[in-house]
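Subject: Structure handover

Hi,

Here is the structure I promised to pass on to you. Please open it alongside this email, and I will walk you through what turned up.

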Amino acid sequence: MSEESIIVVGGGIAGLTGAALLAKEGYQVTLVESHSQLGGCAGTFKRGSYTFDVGATQVAGLESGGIHHRLFNYLDIPLPDAQILDPGCSVVLGDGSRPINLWHDPFRWQKERQEQFPGSELFWSLCSKIHESNWGFVGRDPILPVRNFWDLSQLIKAIRPSNLLTGFLSKFTIADLLALTGCQKDRRLLNFLDLQLKLYSQEPASRTAALYGATVLQMAQHPRGLWHLYGSMQILSDLLKDSFLRDGGNLLIGHRVTKILNKKNSNIFDVNVIDSRKNLIRLKASDIVFSLPPQSLLDLIPIDGGLSTTYRESIKKLPKPSGALVFYGALSRSNLPVDCPAHIQIFDEDFGSLFISISMEDDQRAPTGMATLIASVFVDIDQWSNLDSQSYAMKKNIFAKKIRTILNKKFNLLETSWDHQELSTPRSFERWTGRPGGIVGGLGQHPDQFGPFGFSSRTPLRGLWLCGDSIYPGEGTAGVSQSAMMVVRQLMESKGRHLNIPLFN
Ligand SMILES: Cc1cc2nc3c(=O)[nH]c(=O)nc-3n(C[C@H](O)[C@H](O)[C@H](O)COP(=O)(O)OP(=O)(O)OC[C@H]3O[C@@H](n4cnc5c(N)ncnc54)[C@H](O)[C@@H]3O)c2cc1C
């Protein structure tokens, strides 16, 4: 491996997207993935005749002009077979009222919200205006947060008058927008927003940046949309892998990066990797694209490895992201309502949000007549660390039962209805994805911390670049692909080249 080569650490969607783009641009790229399988939080696993999506179950950005669509076109790989979700989700507030359906058709969604939240139209039309302005802005590929003149030039190029107007709202929260539009007393609307925002921003309405929240609240509607992949989520990773290998990328799967060193006054990184047989491999690279959460740098770069104390401290001060409990179940489709939506979000007193994803008939996740059902909740990772094996097993049983009880009640199921069931915890996520403590979903999108105020893809170490769900624009397969594209543009610019990916094919 030459010292001019690039190492991408982590083969989730962020790392794969970055690696595929760099390989297409002719760089010598090695992608190092510790698991025996690619995909990370958007991977899958099999149990008998069932295929379960590990984390992500819905995909945004497959529509024309959406980020996956755009990148797949550029990489010259086919789009995965997918179906638009309509509704994108059905939200059950638990107050006895009928579920709120996030219809794909904007007019149907408008009618739905007018019925569900009378008097809130001003709030929604403000969100809509912000969203449209944001969408154009994001499509013009700004670099955020800005760290040098080139970043600034890219930001300025992306700004239009409408963005200057919405820019005034950059320190506002969604709750501020509610107050501005006179909707702050609508308890039911607030409950709905808290539930939905928690899914995308890790924060409730009172702490979600208005400019971020206004966009994620409208992801399900045309001309955007949420998609269900045929086969499984793994197809996204497989297609990106094909592109990477076609363009000469070097894939080290089942190889874990254990140390990254940047010697003083050297432009070269020394990277230690352990393979599945525990052999130590030493690699060198001019650049590292690091797609793990920034918190992982603290372990991988030793104190004398080149990262300043100030930078290490800034990582330590990052707010603690959530962990997740995910219940993976399988049952006969006859146990589910005939018109059951594929995605349901339920309010629960204990967990707050319970997000359910059900496979579709013949989508290859379960045999004909059967269905997989995945239900996830957010938890504090600290409550799952430092448990001895007995306490951990007991706690796992208790929480699996709690989630099952909610599901049994919701769908009128018996304990015997389940053909398969298991629970993953923050510990399982730590094992599967290597994310410290099992943190998932990136940093909360609070006004002090989203977009322009977020954690930068540039690091104080020249040649060390960050992407993934802690970097702008944030979590989700679409978000991390955008972050990977941004970092590849920055990296190429540092070598005097430009990456221009057309918005439409
Ligand atoms: C329960 C849950 C539900 C979700 N639902 C959705 C959804 O419906 N839609 C959506 O878009 N998003 C969803 N998300 C979020 C989405 O899955 C993530 O934001 C996204 O997949 C993160 O991708 P990533 O590449 O940044 O990180 P990861 O997927 O975490 O990838 C990091 C990769 O690095 C590898 N790695 C770790 N340590 C090392 C090491 N030392 N050396 C080498 N490799 C290493 C890991 O094995 C992993 O493959 C969900 C997440 C969770 C947890």
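Predicted model: local features only at pLDDT ≥ 70, side-chain atom pairs only at ≥ 80, totals over all residues.

Residues are numbered from 1 along each chain as its sequence is written.

Domains

The protein splits into domain 1 (6–40 + 61–77 + 229–319 + 443–494), domain 2 (122–219) and domain 3 (323–438); these bounds come from an automatic or database domain assignment. The centres of domain 1 and domain 2, taken over C-alpha atoms, are 26 Å apart. Between them, 17 residues of domain 1 are in contact with 19 residues of domain 2 (in contact means that C-beta atoms, placed from the backbone, lie within 7 Å). On the domain 1 side of that contact there are seven nonpolar, eight polar and two charged residues (Ala, Val, Leu, Ile, Met, Phe, Trp, Tyr, Cys and Pro count as nonpolar, Asp, Glu, Lys and Arg as charged, and the others, Gly among them, as polar).

Ligand shell

There are 37 residues around the ligand, and Gly10, Gly12, Gly40, Gly55 and Gly434 come nearest (a residue is near if its C-beta atom, placed from the backbone, lies within 6 Å of the molecule). By class, the shell has 14 nonpolar, 18 polar and five charged residues. Domain 1 and domain 3 each supply at least three residues of it. Helix 1 (13–24) is among the elements that give at least two, and helix 1 gives the most, with three residues (helices are DSSP runs of H or I, at least four residues, numbered from the N terminus).

Helix pairs

Helix 1 also packs against helix 10 (residues 234–246), at an angle of about 25° and with axes 8 Å apart (axes are lines fitted to C-alpha atoms over the stretch in contact, and angles run from 0 to 180 degrees between N-to-C directions). The two helices are therefore roughly parallel (angles under 35 degrees count as roughly parallel, over 145 as roughly antiparallel, 65 to 115 as roughly perpendicular and the rest as oblique). Residues meeting there include Leu16 and Ala20 of helix 1 and Leu240 and Phe244 of helix 10. This contact has eight nonpolar, three polar and two charged residues.

Helix 2 (residues 67–75) packs against helix 15 at about 50°, with axes 9 Å apart, which makes helix 2 oblique to helix 15.

Best wishes

Methods
Contact = placed C-beta atoms within 7 Å.
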